[in-house]
Amino acid sequence: MVYKKHLRGAAQYAQGTSREAEVMDASPYRLIQILMEALMGRLAATKGAIERGDAMAKTQAGGRAQAIITELRTSLDYEKGQDVAITLNSLYDYMGRRLVQAMAAEDPKMVEEVINLMKPVKEGWDGIKDEAEKVLNAG
């Protein structure tokens, strides 16, 4: 499997939110899914803040998005995920750098690029639920 079983970042993300109980009871598969959902939301919020010229909201949403990207990267399991984990690490690295560039340039099109890169990753993860649950819950 591409991701590690234990994700401290998902719990940190949800602390003090309405999702805290969901995260505490979530399977390892669901924790990654929650992070991906949160990332898509934070990216959309960052893009919207840039479009509105809201610097504070841009900084808050962009910072949270960056933290989630970092958590997804640190959650990769290179031993089990091998080439897929390496590829995802490179993609997440690029997404993080591109998000920083987008925020500095205040360019919503750059944020949209990051959103468009994340969509197929999330859709792929959503599509392998049964296989992922089996692998992540094993031993």
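Me: Under the convention that buried means under 20% relative accessible area, exposed over 50% and partly exposed in between, which class does arginine 73 fall into?
Reply: The structure is a predicted model. Arginine 73 has a relative accessibility of 27%.

Me: With which residue does arginine 73 form a salt bridge, and how far apart are the closest N and O atoms?
Reply: The partner of arginine 73 is aspartate 93. Aspartate 93 has 27% relative accessibility and therefore counts as partly exposed. The closest N and O atoms of arginine 73 and aspartate 93 are separated by 3.4 Å.

Me: Which parts of the chain does the pair of arginine 73 and aspartate 93 link, and which residues are joined into one network?
Reply: Arginine 73 belongs to helix 4 and aspartate 93 to helix 5, distant parts of the chain 20 residues apart. Salt bridges with shared partners make one network of Arg73, Asp93 and Arg97.

Me: How many salt bridges does a search of the whole structure find?
Reply: Side chains of opposite charge can pair when their charged atoms come close. One of the pairs is arginine 52 with aspartate 54, whose closest N and O atoms lie 3.9 Å apart. The total found in the whole structure is eight.

Me: Is arginine 52 buried or exposed?
Reply: The relative accessibility of arginine 52 is 56%. Since exposed means over 50%, arginine 52 counts as exposed.

Me: Why does the salt bridge between glutamate 106 and lysine 58 tie together separate parts of the sequence, and how many residues apart are they?
Reply: The closest N and O atoms of glutamate 106 and lysine 58 are 3.2 Å apart. Glutamate 106 is in the loop between helix 5 (78-105) and helix 6, whereas lysine 58 is in helix 4 (residues 55-74), so the bridge ties together parts separated in sequence by 48 residues.

Me: How are the rings of tyrosine 29 and tryptophan 125 arranged?
Reply: The structure contains one aromatic pair. The ring centres of tyrosine 29 and tryptophan 125 are 5.0 Å apart, and their planes stand at 20 degrees. Planes under 30 degrees apart meet the criterion, so the pair is stacked.

Me: Which helices hold tyrosine 29 and tryptophan 125?
Reply: Tyrosine 29 is buried at 1% relative accessibility, and tryptophan 125 is buried at 4%. The pair ties together parts 96 residues apart in sequence, because the two residues lie respectively in helix 3 (residues 28-52) and helix 6 (residues 108-127).

Methods. Residues are numbered from 1 along each chain as its sequence is written. This is a predicted model: local features need pLDDT of at least 70, side-chain atom pairs count only at pLDDT 80 or more; totals for chains, interfaces and linings use all residues. Side-chain values use heavy atoms; hydrogens and water are left out. Rings of Phe, Tyr and Trp (its six-membered ring) pair if their centres lie within 6.5 Å; planes under 30 degrees apart count as stacked, over 60 as edge-to-face and the rest as tilted. Helices (H or I, at least four residues) and strands (E, at least two) are DSSP runs, numbered from the N terminus. Buried means under 20% relative accessible area, exposed over 50%, partly exposed in between (1.4 Å probe, protein chains only). A salt bridge is a side-chain nitrogen of Lys or Arg within 4 Å of a carboxyl oxygen of Asp or Glu.
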